[in-house]
Amino acid sequence: MPTRVLVAKPGLDGHDRGAKLVARVLRDAGFEVVYLGIRQRPVEIAAIAVQEDVDVVGLSILSGAHVALTRKTHDAMVAAGGDDIPLVVGGTIPQSDVPKLKDAGAVEVYPTGTPLESIIESMNALTSIVK
Amino acid sequence: MAEDQRVVTSESGIPLKPSYGPEDLPAAADLPAPGVFPFTRGNFPTGYQGRLWTFRQYSGFGTAEESNERYRYLLAQGGTGLSVALDLPTQCGYDSDHPDVEEEVGRVGVAIDTLADAEILFDQIPLDQVSTSFTINGTAAILLAFYVAAGEKQGVDRAKLRGTIQNDILKEYVSRGTWIWPPRPSLRLIADTIEFCATDVPKFNAISVAGAHFRDAGANAAQEMAFTLMDGVTYCDEVISRGRMTIDQFAPQVSFFFYTHGDFFEEIAKYRAGRRRWARIVKERYGAKDEKSCMFRVGCVAGGASLYAPQAHNNIVRVAYEALASVLGGVQSMFTAAWDEPFALPTEESTTLALRTQQVLAYETGVAKVADPLGGSYYVEALTDAMEAKVIEIMADLERHGGMVEAVEKGYLHSLIADEAFRIAQALDSGDRPVVGLNMFASDEPVPEVEGFELDEKGRLRQLERLADVKRTRSAAEVTATLTALETAAGKDDVNLMPLLVDCAKAYCTVGEMVEVLKSQWGEFSQPVVF
């Protein structure tokens with residue numbers, strides 16, 4: 001069974017170059033990618049994550065609203081019964097916000113400039129622990 | 001050995017020769033002086049001698065009060081143009097009290113819910129004397145209605161208002177994401193604004209066709225120009241097809257907007273080729289009689305996706321080269337990005353340095369002294385020709401795919417851009433596209449530590465309070481009457497919606513209410529998922 005990853009952009013920011021790139025690179029690396037696209041509501045992301053039984057959920061946020069949106073998505077996943085699914089976040093994220101994102105429920109954070117290979121390695125490590 | 005030789009190309013894939021000579025120049029008749037159709041060498045015979053390009057810096061603050069204060073400060077410093085950044089809820093058609101958008105209110109720009117906010121935003125600013133540029137698309141018609149109504153409240157006739165709304169929805173469906181309704185009704189609304197500006201607000205630019213966002217999403221320079229010109233054609237076709245206006249009545253109110261990235265000569269060639277191509281399209285396709293209609297008026301941003309986080313100060317140098325290319329390409333206005341943009345909201349210090357970069361270029365280097373200084377260069381002229389040929393080829397391919405609306409609806413445009421973005425990512429990875437500090441001369445220099453931007457919760461609460469106040473004190477009967485009239489008119493194709501939106505604005509209807517009424521008639525866009 002390939003590892004299933006959900007990639008989505010919560011909130012209203014439409015900059016999806018990074019999200020699409022990561023989705024494609026993960027697919028090429030053998031992951032099964034469920035790509036939802038932009039302007040997704042946290043409750044919908046959570047519902048689909050549970051329904052599709054994904055192994056990890058990746059959010060991409062460039063608007064600056066990453067802490068609030070990560071918390072909302074995490075809470076929605078708990079409410080939907082998906083609290084065992086690891087949540088990772090990438091985007092325009094200052095280093096000083098990384099601890100805040102971890103507090104909000106992210107297990108890994110990939111700020112702009114994170115090499116694609118390290119994202120793949122990190123996702124592999126995360127999902128092998130889960131499995 | 002031939003197989004050992006790699007073909008050197010521009011970033012858009014145009015093959016380059018080791019050197020260029022007289023045989024690469026177009027015939028003299030095909031290269032008229034600056035200010036002469038088809039304007040390859042610039043729109044004006046004296047270049048920047050008569051007037052420098054406009055230095056336009058984009059900024060936005062949480063609430064209308066804070067923005068108003070900032071604008072009045074800028075005007076007191078001698079500024080003549082305002083640039084309004086709106087928050088994402090306003091751009092996507094949600095009111096500040098919508099439960100899904102609370103974390104985005106006032107974040108990347110100012111929140112505007114009703115005319116009351118617009119009145120505060122422009123309080124004590126003489127709207128007959130300043131020019132205001134709005135980066136707004138999905139709700140552009142509504143913001144224009146607010147601006148007209150705010151002007152009238154000040155006693156300023158709409159004919160005296162100057163400024164620009166971006167109002168380019170096609171690129172939103174593909175790359176920037178602030179869409180609301182499907183393409184066809186959206187095009188109708190854009191054509192309504194173009195007609196309305198031509199008849200009622202003649203000094204206002206109804207649309208700024210923005211390829212910049214295609215570029216930032218991954219398109220190369222040739223694609224950026226081709227996609228943008230196709231969008232321009234789509235909007236003009238829509239207006240012309242109504243049979244109520246000729247091209248000469250509205251083309252002077254259409255402008256364009258691009259990114260300038262790092263391939264120096266290709267960027268110069270891009271602007272020269274774009275100017276020539278648009279001039280020819282306007283004359284040949286629409287039969288323009290006035291040469292002013294054929295002028296390609298263009299603004300640009302230096303920076304964006306061409307900037308990188310590692311060794312971030314290198315971005316200062318990149319932006320300076322890009323700004324130089326933009327000027328040699330003959331742009332009319334420019335925004336220079338701050339070096340810290342890849343990882344933070346720019347600081348006042350970094351944005352000031354970005355502005356200084358333009359000022360040094362304009363006043364110290366002497367590049368603005370002569371129109372089109374590179375005109376007649378073997379290489380630049382040949383590259384301009386090659387770029388135009390490539391643009392023509394890409395536009396023809398889009399025509400074969402059913403035109404821009406179909407390319408958007410079916411996801412074809414999305415896939416072209418995603419493919420190019422992926423190709424660039426691979427080239428950066430492999431080092432085929434060299435970037436200093438990223439894939440060569442890399443160092444362990446850490447990314448500078450920056451503060452995250454904390455939203456002022458008080459500002460959001462004040463916004464919610466004002467919205468509640470407006471809803472309490474406005475006339476419910478007027479709100480219902482104007483919204484009902486808007487809804488009825490939206491169902492008919494031959495009514496211009498702008499006067500009705502101005503009525504709604506004056507009745508203090510909210511952005512969200514107007515958007516919902518139009519959604520009830522037109523539905524919502526659903527983005528094709530392509531990666």
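Pro38(B) sits in the segment before strand 1 (54-55) of chain B, where helices (H or I, at least four residues) and strands (E, at least two) are DSSP runs numbered from the N terminus. The peptide bond joining Phe37(B) and Pro38(B) is cis, with omega at about 5°. Asn167(B) belongs to the loop between strand 4 and helix 5 (170-176) of chain B.

All of this comes from a predicted model, in which local features need pLDDT of at least 70 and side-chain atom pairs count only at pLDDT 80 or more, while totals for chains, interfaces and linings use all residues. Residues are numbered from 1 along each chain as its sequence is written, and chains are lettered from A and ligands numbered from 1 in the order in which they are written. Chain B averages a pLDDT (the predictor's confidence in each residue, from 0 to 100) of 93, and 96% of its residues score at least 70. For the complex, the predictor gives an ipTM of 0.87 and a pTM of 0.92.

Now for the overall build. Chain B has 19 helices and 9 strands. Its radius of gyration, taken over C-alpha atoms, is 23 Å, close to the 24 Å that the globule rule (2.2 Å times the number of residues to the power 0.38) gives for 531 residues, so chain B is as compact as a globular protein of that length. The C-alpha trace of chain B spans about 80 × 55 × 45 Å along its principal axes. Chain A has 5 helices and 5 strands, and from the N terminus on its elements run β-α-β-α-β-α-β-α-β-α. A compact globule of 131 residues would have a radius of gyration near 14 Å, and the 13 Å of chain A agrees with that. Along its principal axes, the C-alpha trace of chain A spans about 35 × 35 × 25 Å.

Next come the sheets of chain B. One is an open sheet of 4 strands in the order 2-3-4-5, with parallel pairing; two strands pair if DSSP finds at least two bridges between them. Strand 2 (81-85) and strand 5 (204-205) of chain B are at the edges with a single partner strand each, so one side of each has no neighbour in the sheet. Strand 4 (residues 162-165) and strand 5 of chain B run parallel and are joined by 2 bridges. Gly163(B) has Phe204(B), in strand 5 of chain B, as its bridge partner.

Another open sheet of chain B holds 5 strands in the order 1-9-8-7-6, and here too the pairing is parallel. Strand 1 and strand 6 (207-210) of chain B take the edges, each with a single partner strand, so one side of each is left without a neighbour in the sheet. Between strand 7 (residues 254-260) and strand 8 (residues 298-302) of chain B, parallel pairing extends over 5 bridges. Phe257(B) stands opposite Gly299(B) in strand 8 of chain B.

Helix 8 of chain B lies across strand 6 and strand 7 of chain B, at about 145° to strand 6; axes are lines fitted to C-alpha atoms, for helices over the stretch in contact, and angles run from 0 to 180 degrees between N-to-C directions. Helix 12 (residues 348-363) of chain B lies across strand 1 and strand 9 (333-336) of chain B, and runs at about 140° to strand 9.

Helix 8 (residues 221-241) of chain B also meets helix 6 (residues 183-200) of chain B, their axes coming within 9 Å and crossing at roughly 75°. That makes the two helices of chain B roughly perpendicular (65 to 115 degrees; under 35 counts as roughly parallel, over 145 as roughly antiparallel and the rest as oblique). Leu187(B), Ile190(B), Ala191(B), Ile194(B) and Glu195(B) of helix 6 meet Tyr235(B), Glu238(B) and Val239(B) of helix 8, contact being C-beta atoms, placed from the backbone, within 7 Å. By class, this contact has 6 nonpolar, no polar and 2 charged residues; Ala, Val, Leu, Ile, Met, Phe, Trp, Tyr, Cys and Pro count as nonpolar, Asp, Glu, Lys and Arg as charged, and the others, Gly among them, as polar.

Finally, the interface. The contact takes 28 residues from chain A and 33 residues from chain B. On the side of chain A that touches chain B, helix 1 (17-28), strand 2 (32-40) and helix 3 (66-79) of chain A each supply at least two residues. Helix 1 of chain A gives the largest share of that side, 5 residues. The residues of that side of chain A divide into 10 nonpolar, 10 polar and 8 charged.

Definitions and conventions. Two residues are in contact if their C-beta atoms, placed from the backbone, lie within 7 Å.
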